[in-house]
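Dear colleague,

Please find below the structure that I am handing over to you. A short account of the findings follows it.

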Amino acid sequence: MLDKVSVVLVGTSHPGNIGSAARAMKVMGLTNLVLVDPQCDIDETTYALAAGAADVVENARIVATLDDAIADCGLVIGSSARSRTLEWPQLNPRECGRRSMAEAPSHPVAILFGRERTGLTNEELQRCHCHVYIPANPEYSSLNLAMAVQTIGYEIRMAHLENQALEGDAEQDDADYPRMKELEMFYQHLENVATQTNFINKDKPSMVMTKLRRLFSRARPEAQELNILRGILTAVEKTLKGQDK
């Protein structure tokens, strides 16, 4: 199940951090590394700090956008080091590990880590189903990228070992959840219909759509439920077209 989990690094600016993160991953049995729009090249520093995890670096997938990285994932968890104006469903590292291992049998899971200085943007965090926050010492909460990857990776591994010890009796989530590309299509559909019905102002849709994203992230609709919602939106569109005739 560890093979179903990807560590996604967004906008990494130092080649050594990629190597250190790869080493932290391999120690915990994680091998799927995805680099989103890296701001540096993979070089000798990367491999030097990767130590025995050069294979993780060599097999890393490099993509241009976050959407490319998570399109086929059924669960996306974003690491967040600071509180946000708009709260999102939040997990601690242990809950993150258990949720990841509970859902890995059903679909790929992605754990996102942001830029070294600024982390993930609000828009990127809104692409996630939930956030994970490492409750470090508030008087000195500085964690480098590899430390954060190691901490979350440890909890994922512990949850994996816990499931193995229970010989498959551990509670798992067998629900069929939509992939992120399907969820994004739903949000676009919802925004279009909300605009057509004048529920939102087409020039300023962001705040309402952000709150709706939070609502559906919290509710976590299954694939069949999302199809029902898309059907309702389609029915509304047909009614609007009929009124225009």
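Why does S13 count as partly exposed? The model is a predicted one, and in it S13 has a relative accessibility of 44%. Buried means under 20% and exposed means over 50%, so S13, at 44%, counts as partly exposed.

The surroundings of S13 may be described next. This residue is located in the loop that runs between β1 (5–10) and α1 (15–27). If neighbours within four places in sequence are left aside, S13 has contacts with Q39, C40 and E116. With E116 there is also a polar contact, in which the two side chains are joined at 3.0 Å. M180, by comparison, lies 167 residues from S13 along the chain, and the C-alpha atoms of these two residues are 26 Å apart.

I turn now to the chain as a whole. The chain contains 10 helices and seven strands. Its radius of gyration is 19 Å, close to the 18 Å that the globule rule gives for 245 residues, and the chain is therefore as compact as a globular protein of that length. The C-alpha trace spans about 70 × 45 × 35 Å along its principal axes. Among contacts with a separation of 6 or more, 85% are between residues 24 or more positions apart.

Finally, some remarks on burial, surface and charge. Of the 245 residues, 46% count as buried. The chain exposes about 13100 Å², and 49% of this area is supplied by carbon and sulfur atoms. The chain has 26 positive and 33 negative charges, whose mean positions are 6 Å apart.

Yours sincerely

Definitions and conventions
Residues numbered from 1 in each chain as written. Predicted model: local features only at pLDDT ≥ 70, side-chain atom pairs only at ≥ 80, totals over all residues. Heavy atoms only, no water. Helix = DSSP H or I, 4+ residues; strand = E, 2+ residues; numbered from the N terminus. Buried < 20%, exposed > 50% of the residue type's maximum accessible area, 1.4 Å probe, protein only. Contact = heavy atoms within 4.5 Å. Polar contact = N/O pair within 3.5 Å; in protein donor to acceptor, adjacent residues only side chain to side chain. Rg over C-alpha atoms; globule rule 2.2 N^0.38 Å. Areas by Shrake-Rupley, 256 points an atom, 1.4 Å probe, with all protein chains shown as cover. Lys, Arg positive; Asp, Glu negative; His and termini not counted. Charge placed at Lys NZ, Arg CZ, Asp CG, Glu CD.
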